[in-house]
Structure formats: C-alpha cells, structure tokens
Amino acid sequence: MTYVRYSSLVQTEAASKAAGRAVSRASTGFEYTFPAIRGVQAGREFYASMCPLRLIPKIFLFDEDDLAAELRAQRVLNKGRLPALARYILDNPDDYVFSALTASVDGDMLFESQGGEGAAHRTGQLRIPMDARFLINDGQHRRAAIELALKENPDLGDETIAVVFFCDAGLARSQQMFADLNRHAVRPARSIGVLYDHRDSNAQITRALTERSVVFKGFVEMEKSTLSARSRKLFTLSALYFGNQSLLQGLELKQEEATVLAGEFWEAMDAMLPEWEQVRARQLSAQEMRRDFIHSHGIALHALGRVGNAILRDSTSAAEWKRRIAPLKNVDWTRANADWEGRAIVGGRVSKSHQNVTLTVNYLRQHLGLELSPEEQRVEDAYLRGDA
C-alpha cells in the first residue's frame, strides 16, 4: 500500500483489488487517492479526508448555473459573497477557519483500510477515479472563495480543508442532502457575532464601551439582537455596534482614540435624553421607556451616529461638536410624536429598514440645521410625496 502526504495527488494504474474482488475503474485509468477515515450514517458509508486547497478548484467544478432549479442539487452561486470570503482568508492567513465541505461522488469509490478491525479498519486510503463527478452539497461558496484566494496567494495551496465524501445516489438524494444540511442551519444573532469577534476593531470599541461607559455598562443585551418585552436592558450590542460604525466612519483615529471619542459622544447624548438616566436610576423601567420612546432602538442609535459623524467631520474641537449637537435635546422622541410615523415607525412598529434610517437621519438633520445629501434629499422628497 502506498501512503501519501495530505498535499500529494497520486495517479495509479487501473487494476486495483479489495477484499479479493476486482473493482471497475474509469476509462482513464487514473485516480485520486486521499488518506481518509471511514464512518457510517443511516446505514451508508461515508469518508472524511483532508484535501489540499489547490485541489479544491480542480475537483469541484461548477457547470449547473444555467439549469433550472429542479434539475440542480444546489443553489446558484451568489458571486457577490465571494470577494469578502476570499479577502477573509487572505487577510487572516494565520487564523482563518473554514468548516468542512460536504460532497457527493458519482463514481466508484474504493476504501482500502489499514487493518481488519478497530481503528485500523476505519482508517486508510480512499481511491476515486479522476473522471468521477464531484458535487458539493454544502460549501460551494467556500470552494469558490478558496479559488479566488489561491489566485492571489498560491502559497495557500498546500494548506488543507476537511472534505466529507458521500456516495452519490442520484439527483433526488443529493437535493435531499442539501435540504437536510441547511434545514436547521441558524445564523447566529448579530449581537453575539459582535461579542465574539476579536478581529473587527469596531466590535472591540463597542465591547469596550459596554464595559467602561456609565451609559451602557449593565444595560446592553450582549447576545440577542432584539429585546424581549420584559427585558431590563436598554440597548442591544448589535444596535450599539451599528451606531458606532456610523459615528466613526471615515474618521482616521487609533482604536483607543475612537473608543474615547465614541464614549464622549454617547455621554453627551445621554445628557440630552433624561429617560436613559431615569432607567439607570430605577425611576423608570426599561420596558416603559421602550414602550413610550424610540431613542434606545437601533434605528435611533444608527441615525444619531450618522448625524454625529457629519458634525464630527466638520468640527475642530470637542467643545464645538458638543455645542452643535445641542439642538437634539429639543427632539420629541416619544412614540406619540406624529412626525415619526412613516419615518421611524411604520404601522405602529419601529422599522429598521435603510429607507427609514435615512428618513430618521433627515429629521435629525433638520433639527440641527444641516443640509441633506443628494441621496437623503431624494428619499425625503419621495416621503413628502407619499411614495415612501
């Protein structure tokens, strides 16, 4: 038996026997050989192997984009996702993480175990003819991102990714595998993504504020991206994240400087929003405040961040920007304010759509005497015409 490194591709002649019987081979007479572990699910054997990244684009090909959905076993590739995925690998060569690909193989698979029982029976080499058809059931965007990343950094080719191979059982089975693999996949809440992201500087700034700022410490929901009716929290971590993102956008500051500036800005806003302090002093419950006001909702933090950014960019000192945002204390943040209907509130519910954020920003800009950008003016005109 020939043993290979994970990064090698073995070509062998056709005649190969297992358990005393001949196994048919493809007409080319060449095959891929992968070191693998054998397992069983639902009575079917499957195999897990480590595959070099340079082989992924060569083995897994896309040729089904033009087929009707009912004739495909996977969704059409969303090419818009690929640059960000590829950049993730390239920008983080020392700590990127990609989960395993899952694939069906339409062709003979021969597993040669290292022994007859125990662990040796489960480990060995998996031989697959080169003209077998490989179909990704889960991970097609990872595969395409790997191909993009390799074009920019070929040195990544010797790194490996786990691949789980199943024997193809026809289109219906492959479609069912795709459905089953994605049926219970739940995207984590944005807040917990911010909580656990140690690479994103804005996430680090936001977490720092929840630990240091009197405005936020103890009053931010760290895991969920929505607050339950009975929650005692004032804000969600994701709402504060987007508020900081809009506030600090384009400002060339070191991370600690940005953290201090964001803290000062939100403390200045806190001074103009007495209900926040009343909740912290237990004079008003968080539930009552969220019921009657909108200024702790994500749309308000996002909008405040955007108008704050405009003023920070055009101010030369802290005293100046604090003076310029002072008119915000005159904003009526109560839900009863009819001005919010169609802007921040739609059908009695706070809306976080891009259009509603822009309309809320426009409302705050008007209070501050700031001109609207062309895009903001377009959205405002549509709202005033009743098109929004």
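**Exercise 1. How much space lies in the second largest pocket?**

Let's start with the ground rules. This is a predicted model, where local features need pLDDT of at least 70, side-chain atom pairs count only at pLDDT 80 or more, and totals for chains, interfaces and linings use all residues. Residues are numbered from 1 along each chain as its sequence is written, and side-chain values use heavy atoms, with hydrogens and water left out.

*Step 1.* Know the term: on a 1 Å grid over the protein atoms alone, a pocket is an open set of points where a 1.4 Å probe fits, with protein on both sides within 12 Å along at least five of seven lines. Points are joined across faces, edges and corners, and the volume is the space filled by probe spheres set on them.

*Step 2.* The second largest pocket holds about 880 Å³ of space.

**Exercise 2. Find which residues and elements line this pocket.**

*Step 1.* Lining residues have an atom within 4 Å of a grid point. There are 28 of them here, and Ser-225, Thr-226, His-297, Gly-298 and Lys-352 lie nearest the centre.

*Step 2.* Now look at helices (DSSP H or I runs, at least four residues) and strands (E runs, at least two), numbered from the N terminus. Helix H12 (298-313) is among the elements supplying at least two lining residues; its share, 4 residues, is the largest.

*Step 3.* Sort by class: 9 are nonpolar, 12 polar and 7 charged. Here Ala, Val, Leu, Ile, Met, Phe, Trp, Tyr, Cys and Pro count as nonpolar, Asp, Glu, Lys and Arg as charged, and the others, Gly among them, as polar.

**Exercise 3. Decide whether Ser-104 and Asp-314 are buried or exposed.**

*Step 1.* Use the cut-offs: buried is under 20% relative accessible area, exposed over 50%, and partly exposed in between (1.4 Å probe, protein chains only).

*Step 2.* Ser-104 lies in strand S5 (residues 101-106). Its relative accessible area is 1%, so Ser-104 is buried.

*Step 3.* Asp-314 sits in the loop between H12 and helix H13 (318-325). At 51% relative accessibility, Asp-314 counts as exposed.

*Step 4.* Check a neighbour: Asp-314 touches Glu-320 and Arg-324, leaving aside residues up to four places away in sequence. Touching here is contact, meaning heavy atoms within 4.5 Å.

**Exercise 4. Describe Ala-42 by its phi and its place.**

*Step 1.* Ala-42 is not a glycine, yet has a positive phi of about 50°.

*Step 2.* Ala-42 belongs to the loop between strand S3 (31-41) and strand S4 (44-52).
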